[in-house]
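Hi,

Here's the structure I promised to send over. Have a look at it first, and my notes on what turned up are just below.

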Amino acid sequence: MHLGVSESMRECEYSQISTRSSTPMETPYKKKTSKKRKWEIFPGRNKFYCGGRIMMAKQTGVFYLTLVLILVTCGLFFTFDCPFLALQLTPVIPVIGGVLFLFVLGTLLRTSFSDPGVLPRATPDEAADLERQIDVANGSTGYRPPPRTKEVVINGQTVKLKYCFTCKIFRPPRASHCSLCDNCVDRFDHHCPWVGNCVGKRNYRFFYMFILSLSFLTIFIFAFVITHIILRSHRNGFLNALKDSPASVLEVVVCFFSVWSIVGLSGFHTYLISSNQTTNEDIKGSWSSKRGKDNYNPYSHGNIFTNCCAALCGPLPPSLIDRRGFVQSDTPQLAPPTNGITMYGATQSQQSHMVSDTETERLPPHPSSSSRAASQ
Amino acid sequence: MQGLVPTATDGNMATEFHNLQELRHSASLANKVFIQRDYTEGTTCKFQTKFPSELESRIERTLFEDTVKTLNNYYAEAEKIGGQSYLEGCLACATAYLIFLCMETRYEKVLKKIAKYIQEQNEKIYAPRGLLITDPIERGMRVIEISIYEDRGSSGSSSGSSSVSGSTAR
């Protein structure tokens, strides 16, 4: 039968859709020939380790320096100063030092290794849909189109959303594109070379905890190394004390120079958290009253306490880039116009029926069901 | 293609058209509609409830709006800043965030509920109308992607009539 033949022919061309996975048209017929995980084809400039579980920026040299500085200083402290202090003062000192050290290390690794909130790039269909909307909005393409922006009113403030040419998306508010990592990051704060990663929505609290605990650790070590030297000099004199414990000198120097920058940074980020701003926004002065009388931060919750709680104890959003997932080589896409299917909604009425080459011989160009029925 | 004259094979197709199985064998992707995010209340996850014109002939406005509103409610629940989230945050901080290795965050639990809800909506409401919703998490929480399928099979079923009438409208 005419219809039966056409059906069986068409069946071979179609891909199946399954509701189990939310990506439609997963074909079980086609075997997954490549068992690649998504991190292997990730378009940004990131490095992945442990099968995609660890994610860092491309330049990690300074991160290793941070790690070495912390490990060496703490190592020297526990080896040379703690025995003396534990005996002379109290054994609680190395215990507190140990706890602080582990917390610092934990938060550092968490900041460096986690996904800061990278926004995945647009799928081809999404990008095409956006392009179409922008073309419609822009009108004629006879001249060079203006930069693509979209304005949105958030809690009374007008915010401009910019179009990212690399990721082909309109960046959500507070997102920014990191040129070093080549990714758009949600609630982008800054790219920190010391932790070897961007600081964004998902790892900001870890970063803050890291610099806060590192401030305490630095001050702690500095204070107790000085105490150690002083106690020794009471016994043997200052120069002898230095000779007996040379490591202490190195520790004091490292801590002295670190304490200014780290404590300063902690103070700065405490201010940012309490006013719910990102470093990016603060530097640009986005919500500064200098810009205008009515300029205020639309994201702030109103009081310092709520802002702090929201930033540090709020819910942790999930990673949007499924690093460990498998690449689905057969995700369906709307075929480009040359194949027949077009995506232009305005002219959909006519063109949606010019679906494929094999179809055109059976299907008339006009959606006339009666002629189809008649041809049977 | 939109055979209004039901034939013998059409009858089989008609009864099974509700089923996603049939949608697999007979439909092809015609268009995709993207429901964008609504940023008017800040950066919390919320989607626009504006009814897209491409779906006018395919699904009732109220059903669509219900789906989007329910999804918005789920996301609001996930991102709610309150007692439970503070507890989770403080506990996590106290354990140096190691607790995340063994415990699922509230957000992840709600995401699972969302995935289940979308699957249920697809099976009950959208697939019989030749539509399929993609979970926003697979599109970076930027859009709700609704795929519109053009029914190539000559299904003249009454419940498939929404797709038939949709096709004739084009």
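A:K201 comes out as partly exposed, at 30% relative accessibility. Bear in mind that this is a predicted model. The salt-bridge partner of A:K201 is A:D186, with the closest N and O atoms 3.1 Å apart. That pair links distant parts of the chain: A:D186 is in the loop between β8 and β9 of chain A, A:K201 in the loop between β10 and α5, 15 residues apart. A:D186 counts as buried, at 13%.

In total there are 18 salt bridges over all chains. Another one pairs A:D182 with A:R121 at 3.2 Å, N to O. A:D182 lies in the β7–β8 loop of chain A and A:R121 in the loop between β3 and α4, so this contact ties together parts 61 residues apart in sequence. A:D182 is buried at 18% relative accessible area, while A:R121 is partly exposed at 25%.

Then there's A:D125 with B:K32, at 2.6 Å, N to O. A:D125 sits in helix α4 of chain A and B:K32 in strand β1 of chain B, so the pair joins two chains.

Six bridges join β4 to β5 in chain A; A:T149, for instance, has A:K162 as its bridge partner.

Cheers

How values were computed. Residues numbered from 1 in each chain as written. Chains lettered and ligands numbered in written order. Predicted model: local features only at pLDDT ≥ 70, side-chain atom pairs only at ≥ 80, totals over all residues. Heavy atoms only, no water. Pairing = 2+ DSSP bridges. Helix = DSSP H or I, 4+ residues; strand = E, 2+ residues; numbered from the N terminus. Salt bridge = Lys/Arg side-chain N within 4 Å of Asp/Glu carboxyl O. Buried < 20%, exposed > 50% of the residue type's maximum accessible area, 1.4 Å probe, protein only.
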